[in-house]
Amino acid sequence: SYEPHLESISMNLSFQSKFLKIGLTLAAASLLPLFIGFSMVILIIVRRDLHTVMYLGGLCFNEVFNYVLKHIIQEPRPSHSGATLVKYGMPSSHAQFMSFFAVYFVLFIFYRIQPRKSAYTPLWWSNLGRLIAAVTILAATVLVSLSRVYLHYHSSKQVLVGTIVGIFTGGVWFHLVHNYISLFWFPWISSTRIAQALLLRDTSAVADITLLEYEAVQKYRTQVQKLNKRR
């Protein structure tokens, strides 16, 4: 006589466990912008590339712009939101951040980076890698945006507006960096004593920096091996 009741409890617990796993996954995804920001700082320290510096600079500007928009619009978050740091939710800073990051990233790898055929990797392999990277970033952007609605930090409208603003600012910032700043400012910046002391470099003239660095390392490695054999 208790079997139907126990079966109902079992199904309920199963649904709760399923939703708990989804919630934890989306909560982890919601932390992705923090991970990206930290990774960008580490990347700048390691790479010393002006393009990466401007990428992070654009992300910072995008965050400031979002803060200004929030306090101009002053639309509150959903009433059941647990957010306490910023009471306004229009537009979503997470959606705007990820949209900016994704748009700039996709434009960068398809317009800035121009893979070429080499003895190490065929051209189709490089293009496939760019496609996979773009799809992954776009999927992460969608996941983060969904997490903000699922976790009740933002309404769907706030996330949608944040996405639109992020797409716009990301596209405009890439246009400025790619067509103006890298052409007119990077050569001057990289020639200053401060930039040289910090080993900041301008890689604008390099079509595929990853392949160039790999070929340079392979060439240097071969030279070292030849010198060692002579000794």
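**Exercise 1.** Find where L199 sits, and work out whether it is buried or exposed.

*Solution.* Start with the place: L199 is in the loop between α7 (193-197) and α8. Helices here are DSSP runs (H or I, at least four residues), numbered from the N terminus. Next, look at the backbone: phi of L199 is near 60°, a positive value in a residue other than glycine. Last, check the surface: L199 has a relative accessible area of 59%, so it counts as exposed (buried is under 20%, exposed over 50%, partly exposed in between, with a 1.4 Å probe and protein chains only).

A quick word on the model: it is predicted, so local features need pLDDT of at least 70 and side-chain atom pairs count only at pLDDT 80 or more, while totals for chains, interfaces and linings use all residues. Residues are numbered from 1 along each chain as its sequence is written, and side-chain values use heavy atoms, with hydrogens and water left out.

**Exercise 2.** Describe how α4 and helix α6 (residues 156-191) cross.

*Solution.* Two packed helices are described by the angle between their axes and the distance between the axes. Here the axes come within 7 Å and cross at roughly 35° (axes are lines fitted to C-alpha atoms over the stretch in contact, and angles run from 0 to 180 degrees between N-to-C directions). Now the hand: the crossing of α4 and α6 is right-handed, meaning the near helix is turned clockwise from the far one by less than a right angle.

**Exercise 3.** Which residues have the most contacts inside the largest nonpolar core?

*Solution.* The core has 22 residues, and the ones to pick out are M40, L59, F101, Y104 and V177. A nonpolar core is a set of buried Ala, Val, Leu, Ile, Met, Phe, Trp, Tyr and Cys residues joined through side-chain atoms within 4.5 Å. Then sort by element: α2, α3, α4, α5 and α6 each give two or more residues to this core. Its largest share, six residues, comes from α4.
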